[in-house]
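Keep the viewer open as you read.

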Amino acid sequence: MDTRTTLALRDIEILFSPFLHRKINLATRVVMAPMTRNFAADGIPTAEMAQYYRRRAENELGLIITEGAAIDDPAAAADPDTPHFFGGAALRGWKHICRMVHATSCKIVPQLWHVGMARPTDGCAPNPQEAPIGPSGIDPISLQQTAAPMSRSRIADVIASFARAAANARRLGFDGVELQGAHGFLIDQFLWAATNHRRDEYGGDLPRRVRFAREVVQAVRKSVGRNFPIIFRLSQWKMEHYDARLVHTPEELAELVQPLSEAGVDIFDCSTRYYDAPEFAGSPLTLAGWVRSITGKPTIGVGAVGVERKPLGDLIRRVRARELDLVAIGRALLADYAWAHKTHRGEEASIAPFTRHSLGRLL
């Protein structure tokens, strides 16, 4: 083995070192990113889904963040085969998945999801009689108003739904929860000025637009207690709006994330298209790096890791520098469930590459 290979194998150990936190300890720093699959028949997780997660758990992942699971608001899901996180049959399916993953050293958290105005109106979504809901009724793709703004009572109901789902996660034995606050879905629709035109306490300037997300976090924290981890996924980019911006400066980012941190978020999952992209001009820091420096909370970096076969040296450097604490792998794990194990062993040449066919199967 030459010196260059020896150094690479030595350096990569940082990704496979334990992550120690007062609320959750992980065997490695490699995380499975949440990825919508829509293989849950009528919203009920299947035995095939349990095997799908188990195969990845036993290949040196520290944490699995599941695909988005719909909370019990009737307009939460966009597809009939999106898994639910409510109801006896669905929760039994999730409990089986949790047990399968816990048979390994890996931890698992469900991502709790409400699509908001990203719900189709062609009659194919669950509960087709239900209209999409959002802060101002603005479609996140067209940016046109297509529904009435949410009432305060509906806002309160949805916040309570998130809290019930989180309580179910704790009761089933999960290791925490992630709130989907990114990519133009409901929580993010409140955060984004383009989809939130409200003039009450939930809209207007950034502190008011953060209010809904903050109240969701507070309600979840109350429902699960002090010691159950809450992860919050955030992003600047949205579906079909890759240049969208929630904030334009570090000061604005602080206005966004500090209230969420104070409300009870333990870890921020910072979703970017490329994990190494600088977030603001004049600084090499990524979104994960900025959020960590502002809040002091651990961050997950994600975005094209393992897909474009970039050398991992820069990623390792950022983890060593504590710019980010955990590394999420998305599409690469769809193509090869042993991506982490093979990477750790220096067997990159044997990793199956991601293709569009990877999306259509539950390998």
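Two rings of Phe, Tyr or Trp (its six-membered ring) pair if their centres lie within 6.5 Å; planes under 30 degrees apart count as stacked, over 60 as edge-to-face and the rest as tilted. This is a predicted model, and on that basis the structure holds 9 aromatic pairs.

Let's take Tyr-52 and Tyr-53 to begin with. Their ring centres are 4.8 Å apart and the planes meet at 65°, so this pair is edge-to-face. Tyr-52 and Tyr-53 are both buried.

Now go to Phe-280 and Trp-290. With centres 5.6 Å apart and planes at 70°, these rings also make an edge-to-face pair, because the cut-off is an angle over 60 degrees. The pair links distant parts of the chain: Phe-280 is in the loop between strand S6 (267-271) and helix H9 (287-295), while Trp-290 belongs to helix H9, 10 residues apart. Here are the two pairs next to each other.

| Pair | Centre distance | Plane angle |
|---|---|---|
| Tyr-52 and Tyr-53 | 4.8 Å | 65° |
| Phe-280 and Trp-290 | 5.6 Å | 70° |

Are Phe-280 and Trp-290 buried or exposed? Phe-280 has a relative accessible area of 7%, so it is buried. Trp-290 counts as buried too, at 17% relative accessibility, because the limit is under 20%.

Since Trp-290 sits in H9, have a look at that helix as well. H9 is mostly covered, with 7 of its 9 residues buried. The buried set is Leu-287, Ala-288, Gly-289, Trp-290, Val-291, Arg-292 and Thr-295. What do the buried residues of H9 pack against? Their partners are strand S5 (230-235), helix H8 (250-263), S6 and strand S7 (299-302).

Arg-55 lies over the face of Tyr-337, 5.9 Å from the ring centre. The charged end of Arg-331 sits over the ring of Phe-354, at 5.8 Å from its centre.

Arg-331 shows up again at the largest pocket, which is lined by 32 residues; Pro-34, Met-35, His-183, Trp-237 and Arg-331 lie nearest its centre. The space in this pocket comes to about 900 Å³. Strand S3 (107-113), strand S8 (326-329) and helix H11 (331-335) are the elements that give two or more residues to its lining. By class, that lining has 18 nonpolar, 9 polar and 5 charged residues.

What about enclosed space? Searching the whole structure turns up 1 cavity of 30 Å³ or more. The largest cavity has a volume of about 60 Å³. Its lining consists of Tyr-275, Gly-303, Ala-304, Val-305, Gly-306, Lys-310, Pro-311, Leu-312 and Leu-315, which divide into 6 nonpolar, 2 polar and 1 charged.

One last stop is Gly-203, in the loop between helix H5 (186-191) and helix H6 (206-209). Gly-203 counts as buried, at 1% relative accessibility. Leaving aside residues up to four places away in sequence, Gly-203 touches Asn-196, Arg-198, Arg-208 and Arg-209. From Gly-203 to Leu-191 it is 12 residues in sequence and 8.5 Å in space, C-alpha to C-alpha.

How values were computed
Residues are numbered from 1 along each chain as its sequence is written. This is a predicted model: local features need pLDDT of at least 70, side-chain atom pairs count only at pLDDT 80 or more; totals for chains, interfaces and linings use all residues. Side-chain values use heavy atoms; hydrogens and water are left out. Buried means under 20% relative accessible area, exposed over 50%, partly exposed in between (1.4 Å probe, protein chains only). Helices (H or I, at least four residues) and strands (E, at least two) are DSSP runs, numbered from the N terminus. A charge sits over a ring if NZ of Lys or CZ of Arg is within 6 Å of the ring centre and within 35 degrees of the ring normal. On a 1 Å grid over the protein atoms alone, a cavity is a set of points where a 1.4 Å probe fits but cannot get out, and a pocket is an open set with protein on both sides within 12 Å along at least five of seven lines; lining residues have an atom within 4 Å of a point. Grid points are joined across faces, edges and corners, and a volume is the space filled by probe spheres set on the points. Ala, Val, Leu, Ile, Met, Phe, Trp, Tyr, Cys and Pro count as nonpolar, Asp, Glu, Lys and Arg as charged, and the others, Gly among them, as polar. Contact means heavy atoms within 4.5 Å.
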